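Dear colleague,

Here is the structure for your files.

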Amino acid sequence: MPRPFFQATAEQVVIVSEAIVSFSGNHAAAVAAFTDLPEATANSALKLAVDMGLLSENAGHFNVASPLCKLLRTPQDREKAAILRIALESYEPYQVFQEELDATDNVTDAAQRTKAKLDLECHREEVKATLLSLATYCGALTPGQGNSYSRDGKGLAALFDELVAGSREIADATQTIRQELGPDVALVDHGQIIQPIVAGLRHAVAGAGREAVLQVGIAVENFLTATATHHGTNIVGANGVNAKMDRLVQAGHYPSKLHNVCKYLGHIRNAADHGADTDIGAPWDISTQTGRNYVFVAAMFIRAMLAHRTGSHDI
């Protein structure tokens, strides 16, 4: 039986894998909405990520299979490239492709031989396009003249050095965010809330304001969902940060001051995430300063919400 082969670019594999780490939706339609990819494209990229061992799939639902995926929440392209390179080097179609490229010095011939050897269910051009996208993105292959490519000599030790540097940054950012969240930080879920704020902080420091807001917005919405569960408040149909906070305030759990802080978080997130604004006829540009401020306002909001829950009025 022919082996399925899924066509996608390296960037698409990275973005859908990061999406599975980043938010609760774990099927193709949700990932497509989150990444702004066509659903068919998102589905193919998800299945390629599964084939590469980054994700797993069960009845159309995708989950993280490799702990490396959790490191994709980074503004550093070199870290993303290192993660993809590690996965690619153990991916059988690429291993065969690389062997045949060494033998023929021609990517078209190598793709044809890979397709034949593994009985891949696709055209050789799909094999070539996908494997070259993955390999050039992560630096495993460097284009030369015509159809020739040279292999990068960087060893796995150098790749792990990149990841170690990123892990140190994550550890430092995590300590900062835990301090900002205050004495009730133990009440906050690490994976659902702290990790995306840490990712947002790293994006903010790198000057990527929009990405910082999008990552932290995930954390704020996750926090409000958990808070509603804590209070037994029905938030069915309350989509987004503002709608969830409205329900909590309507139920009498939180005062207007915190409601208004949350409105800032909700509206800035909408500006970053919702494309063209009908009021101005264009999308909002999210500045570096807004991205940095958003991280710390969100942390202050969560700290104040937890303080109110435990009987104090710290803001």
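Predicted model: local features only at pLDDT ≥ 70, side-chain atom pairs only at ≥ 80, totals over all residues.

Residues are numbered from 1 along each chain as its sequence is written, and side-chain values use heavy atoms, without hydrogens and water.

A pocket here is an open set of points on a 1 Å grid over the protein atoms alone, where a 1.4 Å probe fits, with protein on both sides within 12 Å along at least five of seven lines; lining residues have an atom within 4 Å of a point. Of its 37 lining residues, Phe34, Leu214, Ile218, Arg269 and Asp273 are the closest to the centre. Helix α10 (209–231) contributes the most to this lining, with nine residues. Helices are DSSP runs of H or I with at least four residues, and strands are runs of E with at least two.

The second largest pocket comes to about 210 Å³. Among its 15 lining residues, Ile20, Val21, Ser22, Phe23 and Gln192 lie nearest the centre. α1, β3 (61–64) and α9 each supply at least two residues of that lining.

Strands β2 (55–58) and β3 run antiparallel, joined by four bridges; strands pair if DSSP finds at least two bridges between them. Glu57 has Phe62 in β3 as its bridge partner. In the hairpin, two residues separate the strands, and Ala59 has a positive phi near 55 degrees.

Regards

Notes
Points joined across faces, edges and corners; volume = space filled by probe spheres on them.
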